[in-house]
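Dear colleague,

Please find the structure below, for your review.

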Amino acid sequence: MHHCSTSGLPPAPFDWTPRTRLVFGPGTLARVGSLAAELGGRRALIVTDKGIVNAGHVERARATLEAAGIAVTIFDSVRENPDTEDIRRCAEAAAAAKADIFIGLGGGSSMDTAKGGNLMLTNGGAVKDYWGVGKATKPLLPLIAIPTTAGTGSECQSAALIADEVTHQKMACLDPKIAARIAILDPELTISQPPRVTALTGIDALSHAVETAVTRKRTTLSAMYSHEAFRLCFDALPRVLTDPNDLDARGRMQLGAAFAGAAIEASMLGAAHSAANPLTARYGVPHGQAVGVVLPSIVRFNASEHSAEARYGELCRAAGLPDAEALALELDEVLRLTGLAAPLGKFGVTRDAIPTLALEASQQWTATFNPRAITAADFARIYEALLV
Ligand SMILES: [Zn+2]
């Protein structure tokens, strides 16, 4: 019997290359000095936060850079969800240090701050001048991204996400010049994460794999990244939750997060991110938790349409799952394992608030890439069913 078409969807035209060289393996942090020298760096600015300093990672990076003859200045004031003031201070620190190379060492916020600081230092003006696609006119300094979480995939993306310091509006600045030249993926660095960070960033990475696999913009090439990212994270996320010191599983998560990040470059994201963002903005639900809570419902909503179901079919075949419903059930189960499963009511969401949340979700950029057209009324039904 012929189930769905095994040859899959007809390939759509594309023009895309991954922009970031990946250096993967336990202990690869030790290569940052020689890699920075290879890029011509003489004076490095390490952009990081105090938690990463306390974990000892910054001192190790500094030692290997100095051993390669590179002067090091440390900017350790990165805050979560960096805003335009953070970016200005980072650019000032880089100017004062006469930096010729940026090292973003930490989670997504460290990498976004390094990208934004690099953009302001080299192109001038204000962050809002670069809000949108391809607005930078001058080349940026080389950036080496060294993630200490396995989540956003920012190390493989040419986007910087920066909030306005007054309005708190998040501005996505996308430009190929913003991408890191090299990403060092050293799984030893991710072992120091608190368990809650492992859970939140891990479920975000898994969600990126699922959403990128099915968007309207996905291509045969981006789907390869999505499918491999899903297989890696699906296998390894439960393992890092039970044994945080499992270096093999940590490495799989880090690769999965990076591959999913690379897929986002080509495919963008979908309706789970649209539904999650208003929950984060209005109720402070952490991004990974917000996405994880809504994702199984979005999979079920999308899969009831034939062309979207075919895309899930490809993902499921890659992961050895029978169909989209099995995928949704597995996502429910992984969310339960992370301890992040919760009804929306627990975050303070009320029935009265749903029309506003649903309208905001329907207006998110990511909603336009969702494989099935989705309206405010659809989002409202999805939120409703998750309320209690
Ligand atoms: Zn995300």
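Gly 104 stands opposite Ala 145 in strand β6. The model is predicted, so local features need pLDDT of at least 70 and side-chain atom pairs count only at pLDDT 80 or more, while totals for chains, interfaces and linings use all residues. Residues are numbered from 1 along each chain as its sequence is written, and side-chain values use heavy atoms, with hydrogens and water left out.

Strand β4 (residues 101-106) runs parallel to β6 and is joined to it by five bridges; two strands pair if DSSP finds at least two bridges between them. Helices (H or I, at least four residues) and strands (E, at least two) are DSSP runs, numbered from the N terminus. Strand β9 (residues 182-185) also pairs with β6 in the parallel sense, over two bridges, with Ile 144 opposite Ile 182.

Five of the five residues of β6 (residues 143-147) are buried, that is, under 20% relative accessible area with a 1.4 Å probe, protein chains only. Leu 143, Ala 145 and Pro 147 lie on one side, and Ile 144 and Ile 146 on the other. In a regular strand the side chains alternate between the two faces of the sheet.

An open sheet of three strands, with mixed pairing, has the order β5-β8-β7. β5 (132-133) and β7 (159-163) each have a single partner strand, so one side of each is left without a neighbour in the sheet. β7 pairs with β8 (residues 170-174) in the antiparallel sense over five bridges, and Leu 161 has Ala 172 as its bridge partner.

Yours sincerely

How values were computed:
Buried < 20%, exposed > 50% of the residue type's maximum accessible area, 1.4 Å probe, protein only.
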